Amino acid sequence: MLLKDTVKLVGKGWVQRRKGYRIRFQRRAETGWATEFSPDMKEKSWTSEIATWELARRLAAATKDAGPDNPEGEIVNICVVDDAGEPIPYYATNQSHVLNPRDVEQE
Amino acid sequence: MEQEISKYYRLRDLFLEHGQEVVQALIILVLGILAIKYIVKYVRKFMTRLGAKPPIISTVSVALAILLFFGLAISCLEWAGMRVDVLMRFLAAACLGAIAIWILARPYIPSLPFKVGNTVEAGGLLGVVEGTTMIHTRLRTFDGKTVFVPNSKILKENVVNYHYTPNRQVRLVIGIHYGADLVKAKRILADLLAEDPRVLNTPPARVFVLNLAESCVEIAARPWVNNKDYWITRCDLLEKIKLRFDQEGVTIAFPQVDAHVYYHREPEETTD
């Protein structure tokens, strides 16, 4: 195999280079719980994983005590996802990390 | 004495004949200058909102201001009753002369090695160039200070222009304990660089052992990033490296000294 082909093959499969990060969360809507992203899927994602996790943490802190009386503020199951929408492990612990967790399927 | 009086009468007649127009022209000039100031201000704001680059905004605003001012000056002179065709010819000749001198002398005029909007290190300072004049350059440092650096100082010293090339290398050096798993540490660094979206594929990032130092093994990581991403990527990578090393049990070294203490015993006294 030519060296350049080897390098190309390695580049494709060695480590998944992420293209960006978004915050994914569920917000109470009229019909139930809606999954939303920030930045929105129409917008460009963020390139800093740390900044995205920090914003997720602040969002969780800001909406921690919101209830059904404040539908705009009731935001749960906050996590950081990659550009494909797949959750990524929290960089500080290398484990899955969900903020304001709630089992919404039972509600 | 009679001459002085006749001069006075002539001036009086001149003022009576043209004074009204001169005063009106002066009022128009003052109002016109204020109007030009506001027009240029709004043009700058409009171009900034459109996303135009600072050097283009600066050039267009200055050119617009000069054109409007010349138009205003000519209108005021015409209003005051003066012949402007001679003035126009003089201005045209002066402009052509200035352009010719500029073209001939340009190779010999020292120019600053940066443009408005570039991040530079000049005059011992690091900041963004906000504006340049013939005498000084206005730099805005990253802690918010505005510094006016004389161009003569800049031209004499080394200048680092961080915008001359589109990307830059982040130079990271991590010292790990001599007892830590070196191969694992290199692998972790390489994986972290590979998964960061801001690290460029070309030129490729490199990880290598830099030095066997007194207190640690120094590993260097050299990713390339776009200029605008340099600082935040550097800080993010350092944070992630520390946390991932902690998770994987790779000890980051700190300066230390091993002390070996030997006790010397006095021989016991024997009594006969």
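Residues are numbered from 1 along each chain as its sequence is written, while chains are lettered from A and ligands numbered from 1 in the order in which they are written. Because the model is predicted, local features need pLDDT of at least 70 and side-chain atom pairs count only at pLDDT 80 or more, whereas totals for chains, interfaces and linings use all residues.

Let us start with chain A, which has 2 helices and 3 strands. Helices (H or I, at least four residues) and strands (E, at least two) are DSSP runs, numbered from the N terminus. Along the sequence these elements of chain A follow the pattern α-β-β-α-β. The 3 strands form an open sheet in the order E2-E1-E3, with antiparallel pairing; two strands are said to pair if DSSP finds at least two bridges between them. In general, strands of a sheet pair through backbone hydrogen bonds, either parallel or antiparallel. At the edges of this sheet in chain A are E2 (32-38) and E3 (75-82), each of which pairs on one side only. Direction ignored, neighbouring strands of the sheet are turned by 25 degrees against each other on average.

Follow E1 of chain A (residues 21-29) and you will find 7 bridges joining E1(A) to E2(A), the two running antiparallel. One place to look is A:Arg28, whose bridge partner in E2(A) is A:Trp33. Now bring in helix H2 of chain A (residues 49-63): H2(A) lies across E1 and E3 of chain A and runs at about 175 degrees to E3(A). For such values, axes are lines fitted to C-alpha atoms, for helices over the stretch in contact, and angles run from 0 to 180 degrees between N-to-C directions.

Between E2 and H2 of chain A there is a loop that holds A:Pro39. A cis peptide bond joins A:Ser38 to A:Pro39, with omega of about -5 degrees.

The segment after E3 of chain A holds both A:Asn94 and A:Asn100. A:Asn94 is not a glycine, yet has a positive phi of about 60 degrees. A:Asn100 is not a glycine either, and has a positive phi of about 50 degrees. Are these residues buried or exposed? A residue is buried if 20 or more other C-beta atoms lie within 10 Å of its own, exposed if 12 or fewer, and partly exposed in between, with C-beta atoms placed from the backbone. A:Asn94 has 12 other C-beta atoms within 10 Å, so A:Asn94 is exposed. A:Asn100 has 20 other C-beta atoms within 10 Å, so A:Asn100 is buried. Across the 107 residues of chain A, 18% count as buried.

Contacts tell us how chain A is put together; two residues are in contact if their C-beta atoms, placed from the backbone, lie within 7 Å. Among contacts in chain A between residues at least 6 apart in sequence, 56% join residues at least 24 apart.

Turning to chain B, begin with strands E1 (residues 119-122) and E2 (residues 125-132), which run antiparallel and are joined by 4 bridges. B:Ala122 has B:Leu125 in E2(B) as its bridge partner. E1(B) and E2(B) form a hairpin with 2 residues between them, and B:Gly123 in the turn has a positive phi of about 60 degrees. From E2(B), a hairpin leads through 3 residues to E3(B). E3 of chain B (residues 136-141) runs antiparallel to E2(B), with 5 bridges joining them, and B:Val129 stands opposite B:Leu139 in E3(B).

Further along chain B, the axes of helices H5 (residues 182-195) and H6 (residues 230-248) come within 10 Å and cross at roughly 140 degrees. That makes H5(B) oblique to H6(B), because angles under 35 degrees count as roughly parallel, over 145 as roughly antiparallel, 65 to 115 as roughly perpendicular and the rest as oblique. The residues that make this contact include B:Ile188 and B:Leu192 of H5(B) and B:Ile241 and B:Phe245 of H6(B). They divide into 7 nonpolar, no polar and 4 charged, where Ala, Val, Leu, Ile, Met, Phe, Trp, Tyr, Cys and Pro count as nonpolar, Asp, Glu, Lys and Arg as charged, and the others, Gly among them, as polar.

In the loop between H5 and strand E8 (206-212) of chain B sits B:Pro203. The peptide bond from B:Thr202 to B:Pro203 is cis, with omega near -5 degrees.

Finally, where the chains meet, the contact takes 14 residues from chain A and 12 residues from chain B. On the side of chain A that touches chain B, the residues divide into 5 nonpolar, 5 polar and 4 charged.
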